[in-house]
Amino acid sequence: MPNKLHPETLALHAGWRADPETGSVAVPIHQTTSYQFKNTEHAANLFALSELGNIYTRLQNPTNDILEQRMTALEGGAAALALSSGQTASAVALQNIARAGDNVISSTDLYGGTWNLFSNTLPDMGLEVRFVDPSDPQAFANAIDERTRAFYAETLPNPKLNVFPIAEVAAIGRAKGIPLIMDNTAAPILCRPLEHGAAVIVYSTTKYIGGHGTSIGGLLIDGGNFDWEAAGERQPALNNPDPSYHGAVWSQVTKPLGPVAYIVKARTTLLRDMGGAMSPFNAFMFLQGLETLPLRMRTHCENAAKVAKWLDAQKQVTKTIYPSLMTGALRERADAVLQGGYGALIGFELAGGVEAGKKFIDSLELLYHVANIGDARSLAIHPASTTHSQLSQEEQAASGVTPGYIRLSIGLEHIDDILADLKQALNKAG
Ligand code: PLP
């Protein structure tokens, strides 16, 4: 096969051809907890990491391994780690390199669940998250101190849908030994954050990777493009001896395996200890979704662009938020970061405010009213009363949620049917 395959091909073939024993072309579900060791020496080698292999499904699983390899190939990274949810992936992404007393600098434009994790749960554990406005990359530089271990942001954060300045912020971090961790959940295929300088990618595979809305899962991808060793004391978790693994220095002991120190540490310490493993059945489900991801993203984007244009022309709609409708620097950044479409998330505000928003949602017949994005079906929600309801009014405003804001996640139905449902619901909302 040619060396440089396209995403459409990688999504079908990367990491797996056929089972060498049975010839099975579909990736088998290895629904097993444990793996028979060949002998005591083999078992000891696996535990000592001097030989790679399967020990126990909390740590590694052959089905999960294919999903990890396929996502690594699609993103152009070095290795990946499948986890139980996107939330687990965000938490592990930071906890892997930052401990109590350290801090991480995050964009304010975040999924509500991540916001809660960063503003309450991680600080309760002693890990400070400093929020900065992503419209000014320099804000990240200004918030750094000697205990800053990482930058964190989302590629295409809803509800504002302002594409994040990945290259600018990644460059600021790299000069100081600080990796940029990007949540690319809303923009798979459209953006490859590693190419813009990000060091680690976070996914909620629950969304577009699956597409079918059947399974919760998450994933971390190690770009293999960040020099942890050169970062020295800036990154003690990877450069100081780890007492939980016989004093291993992760940036050193992983050298024979390639540039995978970050992901090996996440697997062998946090996954081992906290146990947020993806179930092999869910990994199988995500592999089914992944096969058609490039094709689906095209249709998602085409449908969403048409919906955004249509909404923008309706008298009941005061504002439509979609990257292709933006102008100036925001549009330029969207064009620089996204390829092949502007995503399938759309925000809009109704002239009638909260009441019109609720009436609109209650009038939908085709679009589902659910707290999710990235499903093959079209979805709608009123964030102020649902996904963002645990945030204060000020926090909601900072994250771009106004009382009459509606979020759409446009799916793969025929565009005429999507528009017809939106039209009848808008008419009822008044
Ligand atoms: N990141 C983003 C951008 C999300 O939209 C979500 C969920 O909505 C998550 C992370 C969390 O993922 P999960 O629901 O799989 O835990």
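A: One term to begin with: contact, or touching, means heavy atoms within 4.5 Å. With that, T72 touches G77, A78, A79, A80 and I221, leaving out residues up to four places away in sequence. Also, this is a predicted model, where local features need pLDDT of at least 70 and side-chain atom pairs count only at pLDDT 80 or more, while totals for chains, interfaces and linings use all residues. Residues are numbered from 1 along each chain as its sequence is written, and side-chain values use heavy atoms, with hydrogens and water left out.

Q: Okay, where is T72 placed?

A: T72 is in helix α3, residues 62-75. Helices here (H or I, at least four residues) and strands (E, at least two) are DSSP runs, numbered from the N terminus.

Q: And is T72 buried or exposed?

A: T72 is buried, because its relative accessible area is 9%. Buried means under 20% relative accessible area, exposed means over 50%, and partly exposed is in between, using a 1.4 Å probe and protein chains only.

Q: Switching topic: which residues are around the ligand?

A: They are S85, G86, Q87, Y111, E154, D183, T185, S204, T206, K207, G217 and I373. A residue counts as near if one of its heavy atoms lies within 4 Å of the molecule. By class, that shell has two nonpolar, seven polar and three charged residues. For the classes, Ala, Val, Leu, Ile, Met, Phe, Trp, Tyr, Cys and Pro are nonpolar, Asp, Glu, Lys and Arg are charged, and the others, Gly among them, are polar.

Q: Which ligand atom does D183 sit by, and at what distance?

A: An N or O atom in the side chain of D183 is 2.6 Å from a nitrogen atom of the ligand. K207 has a polar side-chain atom 2.7 Å from an oxygen atom of the ligand. From G86, a backbone N or O atom lies 2.9 Å from a ligand oxygen atom. Taken alone, the ligand exposes 390 Å², and the protein buries 90% of that. Those areas come from the Shrake-Rupley method with a 1.4 Å probe.

Q: Next up, Y342. Where is that residue found?

A: Y342 is in the loop between α14 (328-337) and β9. At a relative accessible area of 19%, Y342 is buried.

Q: What does Y342 touch?

A: Not counting residues up to four places away in sequence, Y342 touches L156, L190, C301, Y322, P323, S324, R331, A334 and D335. The side chains of Y342 and D335 make a polar contact of 2.5 Å, and those of Y342 and R331 make one of 3.1 Å. Within protein, a polar contact is a pair of N or O atoms within 3.5 Å, where one must be able to donate a hydrogen and the other to accept it, and residues adjacent in sequence count only if both atoms are side-chain atoms.

Q: Now the helices. How far apart are the end C-alpha atoms of α17?

A: They are 21 Å apart, which agrees with the 21 Å that the 15 residues of α17 (415-429) should span at 1.5 Å a residue. The expected span is 1.5 Å times one less than the number of residues.

Q: What do the buried residues of α17 pack against?

A: They pack against α13 (293-312), β8 (317-321), β9 (345-350), α15 (353-363) and β12 (405-409). Among the buried residues of α17 are I415, I418, L419 and L422. After α17 comes G430, with a positive phi near 80°.

Q: And α13?

A: α13 has 20 residues and reaches 28 Å from its first C-alpha to its last, close to the 28 Å expected. Its buried residues pack against α1 (7-13), α12 (280-290), β8, β9, β12 and α17.

Q: Which peptide bond is cis?

A: The one that joins N158 and P159, with omega about 15°. P159 lies in the loop between β4 (148-154) and α7 (166-174). L161 lies in the loop between β4 and α7 too, and its phi is positive, near 60°. Most residues other than glycine have a negative phi, and most peptide bonds are trans.

Q: Is L161 buried or exposed, and what about H246?

A: L161 is buried, at 0% relative accessibility, whereas H246 is exposed at 80%. H246 is in the loop between α9 (236-239) and α10 (250-253), and its phi is positive, about 50°.
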